[in-house]
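Hello,

Here is the structure I promised to pass on to you. Have a look at it first, and then read on for what turned up in it.

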Amino acid sequence: MSFEERLIEKVLASSGIVSARRRGEVARELRAHLEDAIEEARAAGLGEADIAQLIARRFGGPEDVARQFADVYRAERRAVYFIAFFLFAAVALVAVSAFVGAVQLTVALGMGYTAYRAFPPDHLMWEIALLTGLTLGYLSLHFTSHLFKRRGLAKAFLLIGGISTLAGLGLEVWLPGGGVVFIGAYCCAGAVCALETFCAGGWRKLAGLAAFFSTLGSLAPCVFMRAQNSSVWIMTTVFCLAIAVSCRFMNSLVAIFDRHILRRNFI
Amino acid sequence: MELDRELLKGSINLLIFRLLSQRDMYGYEIIQEASRRSDNAFQFKEGTLYPALHQLQRQGYLRSDWRTGENGRRRKYYSLTAKGRKQAEERRQLWQRFTAAINAVLTND
């Protein structure tokens with residue numbers, strides 16, 4: 001690869017320009033500029049090594065140029081980032097809901113219940129509020145914590161917590177009880193993120209999550225539902241364990257999003 | 001004479017407006033023209049011109065199109081929009097008032 005192509009690549013690599021068409025156009029424009037500069041230097045009788053040095057000096061640091069391009073296209077980058085995030089969140093929410101629902105249904109059918117008995121409409125709304133609070137809370141905390149240099153998770157928890165509380169209060173008006181569940185699920189997402197931060201290694205994280213959610217699943221029927229029936233206890237524990245597995249699944253999705261979309265296009 | 005880099009950075013938009021108000025140009029041509037007219041005093045880092053051009057285009061002051069130059073090469077030419085022409089004139093007047101005020105301070109004892 002020629003030195004001018006390397007220079008262009010360095011500029012584009014950290015320019016933060018999201019659109020492939022625009023990146024191509026910037027590359028074409030810079031290439032035309034460098035070709036002119038090289039031609040002029042050759043006409044002045046310079047050797048190839050001297051030309052490369054001269055062009056690099058006159059062009060300036062590629063990091064500086066890239067940073068200036070990043071400033072120019074910041075608004076566009078943020079808009080695309082938010083769209084990508086919400087699409088990703090929607091996919092994660094559907095995937096988590098489908099998985100948790102499938103596990104619950106399998107266990108319920110195994111215990112001899114009908115699908116309607118396992119998912120009565122009022123309970124279903126409550127469950128959707130819970131999974132939405134947990135999934136959106138988890139993803140928002142993960143990505144927002146990167147915006148802060150120190151105590152990222154704590155600051156993100158407070159920031160997103162404020163927004164979630166407002167959303168929860170709004171939901172409470174529309175679906176009494178749902179708002180409290182939504183905020184509670186957000187707090188669970190905060191606990192999951194903290195747990196993942198402190199537990200090193202995939203299996204330890206999964207074990208930590210399983211312990212956390214099985215405790216929650218054991219206590220929830222007694223504390224919140226005043227349940228006497230063992231089947232409620234089993235279903236809640238299964239539900240919570242399915243969420244624990246979903247959290248690990250979401251973590252893998254986040255890593256893919258981080259590596260292939262976020263770092264490649266936005267950071 | 002080499003000018004201070006910070007001073008140059010602040011006036012790059014003014015140079016672009018002034019040069020493009022006379023004719024359409026591509027990036028390298030703008031640099032060459034600024035350098036020629038200033039007797040090589042304006043020698044800013046060439047790469048920094050392009051983000052400035054893109055910024056002005058996003059703000060609606062410039063438009064651009066690819067044309068084939070005299071040597072047969074394709075170049076991205078920039079030209080001022082109506083909004084850009086108005087802005088160029090405003091900036092020119094502002095700059096003249098500014099330099100007149102500075103000169104008045106420097107010359108009046």
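This is a predicted model: local features need pLDDT of at least 70, side-chain atom pairs count only at pLDDT 80 or more; totals for chains, interfaces and linings use all residues.

In helix α3(B), the buried residues are B:Leu49, B:Tyr50, B:Pro51, B:Ala52, B:Leu53, B:His54 and B:Leu56. That is seven of the ten residues of α3(B), so this helix is largely enclosed by the rest of the structure.

Now to the rest of chain B. Its secondary structure comes to four helices and three strands, and from the N terminus on they run α-β-α-α-β-β-α. Of its 109 residues, 28% count as buried. Among the contacts in chain B with a separation of 6 or more, 49% are between residues 24 or more positions apart.

Most residues other than glycine have a negative phi. B:Asp39, however, has a positive phi near 55 degrees and is not a glycine. You will find B:Asp39 in the loop between α2 and α3 of chain B. Is B:Asp39 buried or exposed? With 8 other C-beta atoms within 10 Å, B:Asp39 is exposed, because a residue with 12 or fewer counts as such.

Next, the place where the two chains meet. Here 15 residues of chain B are in contact with 14 residues of chain A. On the chain B side, the elements that give two or more residues are α2 (27–37), α3 (49–58) and β3 (74–80). Which of these elements gives the largest share? It is α3(B), with five residues. By class, the side of chain B that touches chain A has seven charged, five polar and three nonpolar residues.

Chain A has another make-up: eleven helices and zero strands. Along the sequence, the pattern is therefore α-α-α-α-α-α-α-α-α-α-α. The C-alpha trace of chain A spans about 95 × 40 × 35 Å along its principal axes. Its radius of gyration is 26 Å, whereas a compact globule of 267 residues would have one near 18 Å. Buried residues make up 29% of the 267 residues in chain A. Of the contacts in chain A with a separation of 6 or more, 64% join residues 24 or more positions apart.

The crossing is right-handed. From α8(A), the residues that make the contact include A:Leu153, A:Phe157, A:Gly161, A:Leu169 and A:Glu172. From α9(A), they include A:Val180, A:Phe182, A:Ile183, A:Tyr186 and A:Cys193. The residues of this contact divide into eleven nonpolar, eight polar and one charged.

In α7(A), the residues of the contact include A:Met125, A:Trp126, A:Leu130, A:Tyr138 and A:His142. They meet residues of α9(A), among them A:Val181, A:Phe182, A:Ile183, A:Tyr186 and A:Cys193. How do the residues of this contact divide, and how many are charged? There are 16 nonpolar and six polar residues, and no charged ones. A:Phe182, A:Ile183, A:Tyr186 and A:Cys193 belong to the contact with α8(A) and to the contact with α7(A).

Last, a backbone detail in chain A. A:Arg151 has a positive phi of about 45 degrees although it is not a glycine. A:Arg151 lies in the loop between α7 and α8 of chain A. With 11 C-beta neighbours inside 10 Å, A:Arg151 counts as exposed.

Happy browsing, and best wishes

Technical notes. Residues are numbered from 1 along each chain as its sequence is written. Chains are lettered from A and ligands numbered from 1 in the order in which they are written. Two residues are in contact if their C-beta atoms, placed from the backbone, lie within 7 Å. Ala, Val, Leu, Ile, Met, Phe, Trp, Tyr, Cys and Pro count as nonpolar, Asp, Glu, Lys and Arg as charged, and the others, Gly among them, as polar. A crossing is left-handed if the near helix is turned anticlockwise from the far one by less than a right angle, and right-handed if clockwise. The radius of gyration is taken over C-alpha atoms; the globule rule is 2.2 Å times the number of residues to the power 0.38. A residue is buried if 20 or more other C-beta atoms lie within 10 Å of its own, exposed if 12 or fewer, and partly exposed in between; C-beta atoms are placed from the backbone.
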